[in-house]
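Please open the model in your viewer and keep the selection panel at hand.

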There are 2 protein chains.
Amino acid sequence: MLIYVAQLNPTIGNLTRNTEKILNTIEKARLEKAEVIVFPEAAISGYPPEDLLLYDDFIDQMQVELDKIIEASKDLFIVVGTIRRNKEKKGNLLFNSAAVIYDGKLLGFKDKSLLPTYDVFVEKRYFEPGIEQKVFKFKGKKIGVLICEDVWAHSENVYKKYEIDPIKELQKLKPDLLINIAASPYCYEKKDLRIDVFSKVSKTLNCPHIMCNQVGANDQLVFDGHSMYFDKEGNLINVAKGFVEDHLLIDIEKQTPVASYQIDPMQDLYNALVLGVKDYFRKLHLSKALIGLSGGIDSALVLCIAADALGPLNVLALNMPSRFSSISSFEDANLLAANLRVELMDIPIDHMYQQYLDLLSPVFAGKSFDTTEENLQARIRGMILMAISNKLGYIVLSTGNKSEMAMGYVTLYGDMCGGLGVLNDVTKSLVYELAKWINRKKEIIPSSIIKKEPSAELKADQKDQDTLPPYSVVDKVIDGYVEDHLSIDEIVKKYKIDETLVKELVERIHRAEYKRRQGPPGIRVSKKAFSKGRFFPIVQGWIAE
Amino acid sequence: MLIYVAQLNPTIGNLTRNTEKILNTIEKARLEKAEVIVFPEAAISGYPPEDLLLYDDFIDQMQVELDKIIEASKDLFIVVGTIRRNKEKKGNLLFNSAAVIYDGKLLGFKDKSLLPTYDVFVEKRYFEPGIEQKVFKFKGKKIGVLICEDVWAHSENVYKKYEIDPIKELQKLKPDLLINIAASPYCYEKKDLRIDVFSKVSKTLNCPHIMCNQVGANDQLVFDGHSMYFDKEGNLINVAKGFVEDHLLIDIEKQTPVASYQIDPMQDLYNALVLGVKDYFRKLHLSKALIGLSGGIDSALVLCIAADALGPLNVLALNMPSRFSSISSFEDANLLAANLRVELMDIPIDHMYQQYLDLLSPVFAGKSFDTTEENLQARIRGMILMAISNKLGYIVLSTGNKSEMAMGYVTLYGDMCGGLGVLNDVTKSLVYELAKWINRKKEIIPSSIIKKEPSAELKADQKDQDTLPPYSVVDKVIDGYVEDHLSIDEIVKKYKIDETLVKELVERIHRAEYKRRQGPPGIRVSKKAFSKGRFFPIVQGWIAE
C-alpha cells in the first residue's frame, strides 16, 4: 500500500486556496501512484482558526471545500483534517475531525477525542470531544485514524492527565495501520519528545504509524512539519523535512532501513524564526522589512533572520545614533549590513532628542535624568521607524529578546514598536548561542558585537548589568518561573540563586506584564512564550512588593 | 434564618488581604446576628486568577487562607468560593469550589459543574467539573449550593448547550434554599437577563434563591455586584447596590415586599467605566491620570470618567495643538477642564512636527502628504504624554472608542498610548449617549463638543466621515459582526446596509487586528469586547481583499 503524506502549509481561513493546494497535491500523488493520501489536521482551515469558527458561513464553506476533495478522490483513500458541526443538541457546536474519504465517497469522520486546552491551545472553547475510536477498512486493512493530541495520553510526558487513552481503545480494534493527522507546533528542545511517544504508540498498537503534521507559521505559532513514519516495532523509518512543505511516499509493505534522523536544535530554532518571519510577510502579501540596527547583538540577529527570510534586498536597516551611541556600535552595524548586503540608512536622532528636552524642560524642571530621557530616545527611534514604515510600506521588526521582555528592559512604544517581535521568545542566552551558530562557518556577525557587554546606550557608559543581574541568572529564573511554573522557593533550591534576587526578578516579571500586553506578537519557539498561551492579570496582589 | 450576603471586591491573587476582608466581614455579620454568611465565587483568590492557578504554592496558600475562615466560623454557616486541588489522578488539576463551613468545621465542597469556556471565560483550562449536586443541612433546612454558570443551563438564554442542568438534578434533592455564589461580569444591556433566569430557578426549585456576586474591576472585567434575593415564587425581593461593596441581610422566613428594582442602563454603563478606572489605579497603588484632551468628545468623556474615579486633583489634562487644531477645540477643552476643575496643561506640538518633517524630508522626498504625517502628530502627542507619565508618575488613559478600534481609525503608538483604554469597548454611538447623559442635569461637557462633526484634526478640514461611513452604520456592523457573529449576508439583510459597504467595513475590522493587538487593555462593557475574550489571527485569508 503506497501512502502519500502531504505536509502542507495552509493560510488560516483561506479555505478556497488551501483546498486548491490539497487538490493539486492529490493530482501529484496520483502521478506517484499513491493509493492513500494523508493531509494534516485542520488542513482546510489552517490551524488554529480561532474565533473564525464562531461564524456559521465559515463552517458551511468548509463543507463546500470538503465536497470538492471528495469529488476529486476517485480510486483514492484520503484522510484530511477539517472542522464540522456537532449536530447533536448538546455540547459544543463543532468537532475537530478527520474526514475519511474513498473513491468519491465520504466513509465517515473520526472526531478528535482529546481536546488540548492548555498553553496555546483552547480547543474546548469550540469543540466537542469525539467519543468513539474507529477503524476504516481499505484493501483488506483496518486503518485507525487519530488527531494529534489523541496519541499523547499514551505518553509518560503527557501535559494533562486525560480521563481516557484513545490508543488503548483503538488497540481493541486491532488496526493494521495508524494514521495520525496533526497540527503540532514547534518548540525548542534538545531532544524530540514526539519520537518517543509516537514510537511507543506503534509498539502498543503493533502496527505502522504515520504522523502528518502541518508546516508553516500562523501568527505566533510555527509548525515545523517533520512528518514521520514508524514501523510496527516503533522504529522511525522516515521523516519529512522541517519548516518547508514536503511529502513522504511510503510503502508500508516494504522493508526499509531505519532513518538516521537526529534533531539539530540550533538549526531548527533558526529555521523556526526564519519561517516565522517569512510566513508572516508572505501570508499578509508584504515583502519589505525595516529594522533599527543599534550595533547590539539582538538587532544583529534579527537582521540575519530577516535577510534570510525576505532576501537582503527587501530589508532596510536604520542606524539612529544619539549622544550616547558609541562609534564602535556604528562601525559594527555598518560591517554587519555589508556582510549581509543589506542597505543601511543613517538618521541621527540627537537633534530631535534635544528638541524634546527643550520642549519638556518646563515640566521636567528640577528633576534629574532618569528612564524618561532613556525612553525618549527609544521612542524617537520608534517614531522614525514607524514614519518610514508608513511612508514607504516597510514593516518594522522589533528586536527585544525574551529576557528583556521578562524584565521590562524595553521601552513601550519605543524599541517595542513593530509588526512582529522576532526574538520575543528567545532568551538572551539563546541569542548568543544563535549568533555563534550563525558564525559557525564564517564571521557574519562581527565578533565585537558578540563580545561586547550588553548596553542599551541610552545614557553615558550604560551597561544592562548596571540594573540587571547577569542574563545567565535572569534566564534561569525565566526557565523556572515562566516555563516550568516553579515557585520562588523551588527556583532558589533548583538553581541555587539568592532568594531576595529570585523574588526581585519574579516581581519584575509581573511588573512588566503591562508592557508585554502591548508588545508586538512574537514568534513562539519555547514551551511557554509570553505572547501566546500565557494569561496573567496586570492587576494582581500575589507577586507584588 | 438570618443570612448575610457579602458582596466583596477582592484583588486578584492578594489571598491574605482578601481573606482579611472576609474575616472582617464575618465579624460584622456576627454583630448583625447573622447565622449564615455567603461570599462570592473565588472570593479568596479574586476572579479570574488566570495562570496564577498553575503555581502549586498559590493553590497551597488558598488552603491556608480557607483554614483561617474555618477557624473564624464559630456558630456560623458559611459559604465561600475558593479553588482547590482535584486529588484524583485524572482530569484537570483543580476544582472551582464553594467551601461549606459550619462552626469551625468544613462540611464539604460543592465543585462547579458547568465550566464556562467561551467569550472571556477559560475555565476548562484549569478546572475539572464537579459531577455531584449536593445539599447541606443546617437548622433543619437543606441548603443547595451552586456556582454562577451552574444555574445558567436552566435558561433559554443560555450561551452554551450544556449536557446537564444542575438545577434539574438539584430539584431531586428538594432544597429549602439555594445559595448561588457568582463572579458574573457586567455587560451593557437594556434588560437584566439575570433576573429572568434566577427567577425561573427559584420557581423550579420552589425555594428562595440567594445570588452573591463579586463586585469590582479586575483588569478588563468589571463585576457589577447587584447580588439578589428571590423568594420561592421567583419574586425579586432584594438587590444589593451595583459597582460598590455592599451586603444584604435576609430573613428567609420573613415575608417582605417585592423590590421595585429596575436597571438604569446608562447609569450602570457609566458606573462600570468609573469603577474600571478606579480599581485599576487603586489595586495597582496608583493615583494620578494623564489625558490628552483634544476638544473632541472621546477625550471629553474620558476626562469626566477619570475625574469621577480619581478626583479632579489627581487628573491632569494636556492639550497639544498642531497647525491643524481648531481654536474652538482649544476653547472647548479649556471650558471642560474648568467645569471639571481639572488642571489643563498646554504643549503645542507644531514645532516638533516640523522638526520631524525636516528630519525625514530626504526619505519622504517626492511623496505626498498621507497618513504618515497624520500619525506623526498623534505619535508626538503620545511621546509627550508618556514622557510626562514617566517623569511625574501619571498613568496615561487612552481615549479611542470601540468604533475607532474596529476601523483602525487610531494611531498605533500615538493616541493608542496608555495604561488603560477607557472607551475601547464603547461605540461612538454610546459615547454620544453617555455624553448627553452626563449633561442630563447641567452642561458639564460643552454642547459644542457634542454637536461638532467628529474630526481627528490631523490634516486641514479633516472629518472622520471623509474616510468612514457615518458611525451609526459602523456601529451596526460592529453589533452584527463583532458582537453577534453574523455573516456579511446576514448583516446586509438585518440592517439593510449595502453589501459592498458591509464587506469593506468587515475587512477593515480584520485589517486593524494588528493594531488592536498592541492596544491598551480596555474596560469590557459589551457582550463582546475587542481586548478580552475575542481571538482572531492577524494573518488570515477568510476576510481579505
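In what order do the six strands of the open sheet in chain B stand? The order is S5-S4-S3-S2-S1-S14, with mixed pairing; strands are DSSP runs of E of at least two residues, helices runs of H or I of at least four, both numbered from the N terminus, and two strands pair if DSSP finds at least two bridges between them.

The model is predicted, so local features need pLDDT of at least 70 and side-chain atom pairs count only at pLDDT 80 or more, whereas totals for chains, interfaces and linings use all residues. Residues are numbered from 1 along each chain as its sequence is written, and chains are lettered from A and ligands numbered from 1 in the order in which they are written.

**The sheet of chain B**

Select strand S5 (105-111) and strand S14 (246-251) of chain B: these are the edges, and each has a single partner strand, so one side of each lacks a neighbour in the sheet. On average, neighbouring strands are turned by 25° against each other, direction ignored.

Next, select S1 (residues 2-7) and S2 (residues 36-38) of chain B, which run parallel and are joined by three bridges. Ile3(B) has Val36(B) as its bridge partner in S2(B).

**Helix H13 of chain B**

Select residues 471-483 of chain B. The buried residues of this helix include Tyr471(B), Lys476(B) and Tyr481(B); buried denotes 20 or more other C-beta atoms within 10 Å of the residue's own, C-beta atoms being placed from the backbone. Among the elements covering them are H10 (402-407) and H15 (499-511) of chain B.

**The contact between the chains**

Now display both chains. The contact takes 69 residues from chain B and 70 residues from chain A. On the side of chain B, H9(B) gives the largest share, 12 residues.

A rotation of 180° with 0.0 Å of shift along its axis superposes chain B on chain A (RMSD 0.0 Å), by least squares on the C-alpha atoms of residues with pLDDT of at least 70 in both. The two copies are therefore related as by a two-fold rotation axis. Finally, select Gln518(B): its C-alpha is the nearest to the axis in chain B, 2.1 Å from it.

Technical notes
Two residues are in contact if their C-beta atoms, placed from the backbone, lie within 7 Å. A residue is buried if 20 or more other C-beta atoms lie within 10 Å of its own, exposed if 12 or fewer, and partly exposed in between; C-beta atoms are placed from the backbone. Axes are lines fitted to C-alpha atoms, for helices over the stretch in contact, and angles run from 0 to 180 degrees between N-to-C directions.
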